[in-house]
Amino acid sequence: MSGEEKKLTMIDLARVSKTFPPDVHALADVSLRIRRGEMIFLTGQSGAGKTTLLRMLCGIDCPDKGYIEIAGYDLSRISGGEMQKLRRRIGVAYQDFKLLPDKTVAQNIAYSMEVSYRSRPFIRSQTEKLLTELHLLDKQDALAGKLSRGEQQRVSIARAVANEPELILADEPTGNLDTETALLVTQLFRSYNEQGTTLLIATHDQAIYDFPGSKVIKIENGRLAIQKPPTLVKKAEGKE
Amino acid sequence: MNFLLAVFSQTWRSIAETWRTQLLSLITITLSVLIFTFFYLVYSNALQVGNRLDNDLRLIVYLDEQPDANLQQEYQHKIEKFDQVERIEFVGKLEAYDRFKGQLDDSQDVLKDIPKDFLPPSIEIYPRRNLESLSRIKGFSEYLETMPGVLKVQYGREWVERFYSFIQLLRVVVFLSGSLLILTTTFMIGHSIRLTVFSRKKELELLRLVGASNSYIRVPFFLEGALLGALGSTAGIAALYLLFRWIKTNFAGQAAQGMFSFSFFSTSSVCMIIVLSILLCAGGSFVSIRKILSV
């Protein structure tokens, strides 16, 4: 990969495999390149390996084999300090939300900005803006544990995007949402993508990626299966 | 928001959430500081008594001959070779006679027929008035006896030995209470940090996931420890001061005041105790957090 190509690449995976004991092949030889500013939907059945792939991209799990590079950082060689800095540039909406139930909605969202030492006025205005967009402004002082699943999911998404990250990873972000709210979330993601943010969204919800020009990767039994459109860069086994 | 503001707000949040545990640690640290400083106060006042021994604490070396200037210099050199002393005075036969005569007051007549050089010349050695010198005084006296021309060495052996034993006992007590302070403080801080980490486990996990730096996670615990150390030691010293005032008002009568001047710690000692407690607690929490969280 040339230097210019490297600069344009946000995610680069080469022959990544992951097996969980006793013998579950979550990912097998997955190779994929996602350019900066792309919005990719990762689809596939439950257990296909979507969550495993996202967990490896945010450094929670490590691959057994293969190479992962995010924003120019080789995750197998990244230092602790660099990983922390990289995580500040990535927003993740987890499938299990990872909210703190005894903290308010605003406090939960603020975490991702506080670790980047954002100013208090920025944190306040960003939180209010996102809660307004996700129709949750009246809940900003409510405890996260008291919210419905759908509301918790939206708070998790707000936290993922709040720090204006370069890369957003979302795992089933509309799994608990009704159609109307799912559309709100999709619009939010698309608005970030329009500003240049790269997004990788794992979902089964066809409604959120069924639009002209959407880029979809299907994952089946831990292998990349179908890609739409074909222009999406895929590195076949052994060749660039 | 800068780093300091962020960690201060984290610290405040953590204290507000875990104040019950922190209160328990605070009380333990206060009591430990109180116990240690109480014994340390007794010890330092006992040392003051030692320092006020003044002329009572001297070694008198009786010589068979009046030493000339060269011999005096040689004696001085030999004495200083063994130990640092405060001062050395050579007392000639006539000076000894005059002193003795002065002590007799109205009974000076008894000296009428006695020659003025009947008393032996002597060297009066005033050791440094500290415990190190006191502890070496027996060895010092034995050394002086080996010097040429020495007839006898005298000092208040029994009193010095008794005082030294008392100070040694106090030293052990201060050492034990100091160890107790260190053990209880580090144990309580470690315990308190463990409970705090346990109660904030999910939050700390989230902080790592959103990219919090090690310092961002560690420093609030460090500050919590330092704050506990500062508050605990201040409260402990304040309690000791109240106890000191109460004892001084109710038990230290005029007679005792004449013998000893029971005094409290100097401001610099108070500051030192507080700073040491802060360092101990902050260090304890720092080590605990590194061990528990591996960050």
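Predicted model: local features only at pLDDT ≥ 70, side-chain atom pairs only at ≥ 80, totals over all residues.

User: How many residues does helix α11 of chain B have, and what distance does it reach from first C-alpha to last?

Analyst: Helix α11(B) covers residues 267-293, which is 27 residues. Its C-alpha ends lie 38 Å apart, close to the 39 Å expected.

User: Which residues of α11(B) are buried?

Analyst: First the general idea. An α-helix has 3.6 residues a turn, so residues three or four places apart point the same way. Now the case here. The buried set includes Val270(B), Ile273(B), Ile274(B), Ser277(B), Cys281(B), Ser285(B), Ser288(B) and Ile289(B). Ala282(B), Gly284(B) and Leu293(B) are buried as well.

User: Next, cavities. How many are there of 30 Å³ or more?

Analyst: A cavity is a space where a 1.4 Å probe fits but cannot get out. The structure has 1 at that cut-off. The volume of the largest cavity is about 150 Å³. Of its 15 lining residues, Ile90(A), Gly91(A), Val92(A), Leu209(B) and Val210(B) are closest to the centre.

User: Which elements give two or more residues to that lining?

Analyst: From chain A, α3, β6 and α6; from chain B, α8. β6(A) gives the largest share, 3 residues. By type, the lining has 9 nonpolar, 3 polar and 3 charged residues.

User: What is the average pLDDT of chain A?

Analyst: It is 89, and 94% of the residues score at least 70. In residues 230-240 of chain A, pLDDT is below 50. That stretch still has 26 contacts in the model beyond near neighbours in sequence.

Notes
Residues numbered from 1 in each chain as written. Chains lettered and ligands numbered in written order. Heavy atoms only, no water. 1 Å grid on protein atoms, 1.4 Å probe; cavity = no way out; pocket = protein on both sides within 12 Å on 5 of 7 lines; lining within 4 Å. Points joined across faces, edges and corners; volume = space filled by probe spheres on them. Helix = DSSP H or I, 4+ residues; strand = E, 2+ residues; numbered from the N terminus. Nonpolar A, V, L, I, M, F, W, Y, C, P; charged D, E, K, R; others polar. pLDDT = per-residue confidence, 0-100. Contact = heavy atoms within 4.5 Å. Expected span 1.5 Å × (residues − 1). Buried < 20%, exposed > 50% of the residue type's maximum accessible area, 1.4 Å probe, protein only.
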